[in-house]
Amino acid sequence: MTTRQNGLTYAQSGVDIDAGEALVEAIKPLAKATRRPGGDGGLGGFGALFDLKAAGFVDPLIVSTTDGVGTKLKIAIDTGLHDTVGIDLVAMCVNDLLAQGAEPLVFLDYYATGKLEVDVAVRVVAGIAEGCKQAGCVLAGGETAEMPGMYGSGDYDLAGFCLGAVERGSVLPDLEGQKAGDVLIGLGSSGPHSNGYSLIRRIVEHSGLSWDAPAPFAPGKTLAQALMTPTRIYIKAMMPLIRAGLIKACAHITGGGLVENPPRVLAKHLTTRFDWSAWSLPPVFQWLQATGGVADAEMRRTFNCGMGLMLVVSPANAGIVLAALLDAGEDAFVCGELVEAV
């Protein structure tokens, strides 16, 4: 192969291999801190191994999820608040695993940008590592893609992938076991989590407030800081209850809100009857609804409205489940029941 002096380099085309290598070295300690039985949290290979036997599984089924953070990233990019979007990324994947009764084991991320800014990427990955620690899964690897011309200055996007496992006899939802009269239990959210942010950004624009203005609904925080509150991760509170066979169904309340998500985990002949007075709409949602003039029906099909997870349990187990969730530090409340679908 012939070469030419002063020929073009990859760096001149906009891709900095050295920056990529610097990022890998910077995040290795973050990944190592997420080690758990079955996975070592090492980076640098072409793939990641996980030992299900070492993790304590006997007859497991593998469950996989993938998700992103959505346009909540735009607020992070516009304000420089990059430290918690990684938690959001992990949360959106691992909380989905709960709907199948699965424990999160391995997490991988995809970080794409036009020009790699190592300091920003490290902050994002530090958030991912923190989310993995909260969820009890290992950050086993990922991909950083520097793609000049694909993204605007300072822009980046994230995708997450999580591998979990559940014992064959413990898969959720338990459709055959569900009955009319089963109790609905809600677990409180930390805010909008990572859904509805295209509407949220329009409402903020309509309000005339800047991102650094005091948040009308969160004293002591700017509007951006309040709206960047990371998604709550429910794994540690929920897994003991799932393993004990106390949960018949678990719905992660994401895009589609309280209207579209619950039916995904219910038997066809059943539907939810929510007691809308059982919990108060948190201040952030009150402000969004009032400022945007959003109708109740639109709120309930766009946002979680203060409920990050919805559980279905038998009346006999409702007290046990509720007490365990409260002891685990969750804001848990009875919010309705299952009834026969008309």
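Reader: How many aromatic pairs does the rule for rings give here?

Author: The count comes to seven aromatic pairs. Rings of Phe, Tyr and Trp (its six-membered ring) pair if their centres lie within 6.5 Å; planes under 30 degrees apart count as stacked, over 60 as edge-to-face and the rest as tilted. Keep in mind that this is a predicted model, where local features need pLDDT of at least 70, side-chain atom pairs count only at pLDDT 80 or more, and totals for chains, interfaces and linings use all residues. Residues are numbered from 1 along each chain as its sequence is written, and side-chain values use heavy atoms, with hydrogens and water left out.

Reader: Why is the pair Tyr-111 and Tyr-156 called stacked?

Author: The ring centres of Tyr-111 and Tyr-156 are 5.2 Å apart and the planes sit at 15°, so the pair is stacked. Tyr-111 belongs to strand β2 (residues 103-113) and Tyr-156 to strand β4 (residues 156-167), 45 residues apart; strands are DSSP runs (E, at least two residues), numbered from the N terminus.

Reader: And what makes Phe-217 and Trp-287 tilted?

Author: With centres 5.5 Å apart and planes at 40°, Phe-217 and Trp-287 are tilted, because that angle falls between the two limits.

Reader: Are Phe-217 and Trp-287 buried or exposed?

Author: Both Phe-217 and Trp-287 are buried, where buried means under 20% relative accessible area, exposed over 50%, partly exposed in between (1.4 Å probe, protein chains only). Tyr-111 and Tyr-156 are both buried too.

Reader: Which residues do ring pairs link into a cluster?

Author: Phe-274, Trp-276, Trp-279 and Phe-333.

Methods. Helices (H or I, at least four residues) and strands (E, at least two) are DSSP runs, numbered from the N terminus.
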